[in-house]
Amino acid sequence: MGISACLIVKNEAHRLQLCLESIRTVVDEIIIVDTGSEDQTVAIAQNYTDKIYTFEWCDDFSAARNESLKHASQDWILVIDADEVLEARSAQLLPQILESHDKKCPLL
C-alpha cells in the first residue's frame, strides 16, 4: 500500500524544503498544487517531485484540495501543509501502521 502526499502551496519557499525532507522517505509520491507562487516554491518542489500542478486560486480552499487529491495514485493520502513537518518518530511509524492495517478497511 502506497502513500501519496498532497500539498497546496503558494509562496512557501522559506518552509517547503523542510516539509518535503520530512516526508520524502515515507511517501511514494508527492503531489504539489501551486496556487500562484511568485517566489522559488516551484523550483524547490521540482527537487522532490515532477508532479507539480498549477491551480488558479478561486477563493475556495476545498477546490484546491480536491485538485491535489485527484492527482493522487496511491492507496493512502497524507495531506500536509508546507509549514508542517512529519516528525521522525511519526515518519518511522507510518509505514508500520499501514503495513499492519487491513487494506479492506480504509480507515485507521
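**The sheet and its surroundings**

Tutor: Asp34 has Thr54, in strand E3, as its bridge partner. The model is a predicted one, and that applies to everything below. The pair belongs to the contact between strand E2, residues 29–34, and strand E3: the two run parallel and are joined by 3 bridges.

Taken as a whole, the sheet is open and has 4 strands. Their order is E3-E2-E1-E4, with parallel pairing. At the edges are strand E3, residues 52–54, and strand E4, residues 76–79, and each of these pairs on one side only. On average, with direction ignored, neighbouring strands of the sheet are turned by 25° against each other.

Next come the helices. Helix H1, residues 16–23, packs on the sheet and touches E1, E2 and E4. The direction of H1 makes about 175° with that of E1. Helix H3, residues 61–70, lies across E1, E2 and E4, and H3 runs at about 145° to E1.

Ser4 lies in strand E1, which spans residues 3–9. The relative accessible area of Ser4 is 0%, so Ser4 counts as buried, the cut-off being under 20%. The side chain of Ser4 forms a polar contact of 2.4 Å with the side chain of Glu29. Leaving aside residues up to four places away in sequence, Ser4 touches Glu29, Ala72, Ser73, Gln74, Trp76, Ile77 and Leu78.

That leaves the cysteines. Searching the whole structure gives 0 disulfides. Cys6 is in none, and the nearest cysteine sulfur, in Cys19, is 12 Å away. Cys6 is also buried, because its relative accessible area is 0%. What is the distance from the sulfur of Cys58 to the closest cysteine sulfur? That distance is 17 Å, to the sulfur of Cys6, which is too far for a bond.

Key
Residues numbered from 1 in each chain as written. Predicted model: local features only at pLDDT ≥ 70, side-chain atom pairs only at ≥ 80, totals over all residues. Heavy atoms only, no water. Buried < 20%, exposed > 50% of the residue type's maximum accessible area, 1.4 Å probe, protein only. Polar contact = N/O pair within 3.5 Å; in protein donor to acceptor, adjacent residues only side chain to side chain. Contact = heavy atoms within 4.5 Å. Pairing = 2+ DSSP bridges. Axes fitted to C-alpha atoms, helices over the stretch in contact; angles between N-to-C directions. Disulfide = S-S within 2.5 Å.
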